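Here is a short report on aromatic rings and their neighbours. The structure comes before the details.

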Amino acid sequence: MTTDTHTGGDVRLTGISKTYSSFTAVHPLDLTVPQGSFFALLGPSGCGKTTTLRMIAGLEDPTTGTVRLGDRDVTDLPPHRRPVNTVFQSYALFPHLDIYENVAFGLRRRGVKSVKSQVDEMLELVQLGDKAKRKPHQLSGGQQQRVAVARALINHPQVLLLDEPLGALDLKLRRQMQLELKRIQTEVGITFVHVTHDQEEAMTMADTVAVMNAGRVEQLGAPTELYDNPRTTFVANFLGTSNLIEAEVVEAGTDLVVSADGGKLRLPADRCATPTRTGGRLLVGIRPEKISLAHADDAGTVPAGRNRVTGRIADTSFIGVSTQYTVDGPTGTGLQVYEQNIERDPRLVPGAEVVLHWNPAHTFGLDATQAADAGKTDGAGVETVEDAA
């Protein structure tokens, strides 16, 4: 799915799969993680992302396929003989050892006599040089996580595997650690493969994200590509929020014209993930922050050429930087609009008649045969019961 000409440190999975009795956790997949990249496996609970990571680590034997690190086939090698280290959510630090000795542990185990310079270098990398003599319980969760990373990196693995490493941290600390991990990866330049169910986490840190669903890679690409051009309803809904409107193609060409409950909308044909022809059905997608909201009395001020739909505000939610509006209308109920709180219109309250309008270039099109609510989560990376059933 991705290629790289420098294959010395690639992680290459070929036809890899994992089946437990009658349950297939990972369907056969081919995946290449380029050397030196920060790669994320993203998806809800049970999608197969952790199983895939464990097969790279050697903690799970694949049912089919091969695992190669660079030019070396490691499929049958035990974990300790693979040039990889894993950082888990639990950190697994030794409570009786100070931070210095926790980081030095791997070197001492290998019989390295002089460890000071390497340990000092790693502690400086993770900005904990002044905490070397403290015990793990004397550090914050984020600091403990950095110790776990330093302990893994000191062995100079070819690949560092991170299994939900920030899941135990609170939101503010998690965001700080996202930036820290990205800084560390950039400085050391080795391949990071990161498993997470947190969409923001994956998009903040990773160069490339593989969105997994039900044991398969649903879509792979740069975070901006996945967000702006989702190819399935699952990706559109799992990565943030999408408004999906059922429509019929009435004109096909470089731009499509579609009819949605009598109104006309335009979108670029090259932003459609399904073949388009006159009479075909589409789910027309638009992200909430791309939409502007105008009171119905100001409908005449909406610039020409904009896509527009009408509706009535059902609910509002003030969240500081923006106000989130829920709008019901002929094209659908529960349409989401996020507007920055710059010049709030006091008329935009529940019950107000409004016009939603946006640049047609920001619109995407998806196959209408898919479930429109696939990939919607409960906010914790877990699909809702209705979607998962």
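Helices (H or I, at least four residues) and strands (E, at least two) are DSSP runs, numbered from the N terminus.

## Basis of the model

This is a predicted model: local features need pLDDT of at least 70, side-chain atom pairs count only at pLDDT 80 or more, and totals for chains, interfaces and linings use all residues. Residues are numbered from 1 along each chain as its sequence is written, and side-chain values use heavy atoms, with hydrogens and water left out.

## Aromatic pairs

The structure holds three aromatic pairs. Rings of Phe, Tyr and Trp (its six-membered ring) pair if their centres lie within 6.5 Å; planes under 30 degrees apart count as stacked, over 60 as edge-to-face and the rest as tilted.

F94 and F105 have ring centres 4.6 Å apart and planes at 50°, so this pair is tilted. F94 lies in the loop between β6 (84-88) and α2 (99-109), and F105 in helix α2, so the pair ties together parts eleven residues apart in sequence. F94 is partly exposed, at 26% relative accessible area. F105 is partly exposed, at 33%. F234 and F238 form a stacked pair, 5.5 Å centre to centre with 5° between the planes.

## Charges over rings

A charge sits over a ring if NZ of Lys or CZ of Arg is within 6 Å of the ring centre and within 35 degrees of the ring normal. The charged end of K133 sits over the ring of Y100, 4.9 Å from its centre. R151 lies over the face of F94, 5.4 Å from the ring centre.

Key:
Buried < 20%, exposed > 50% of the residue type's maximum accessible area, 1.4 Å probe, protein only.
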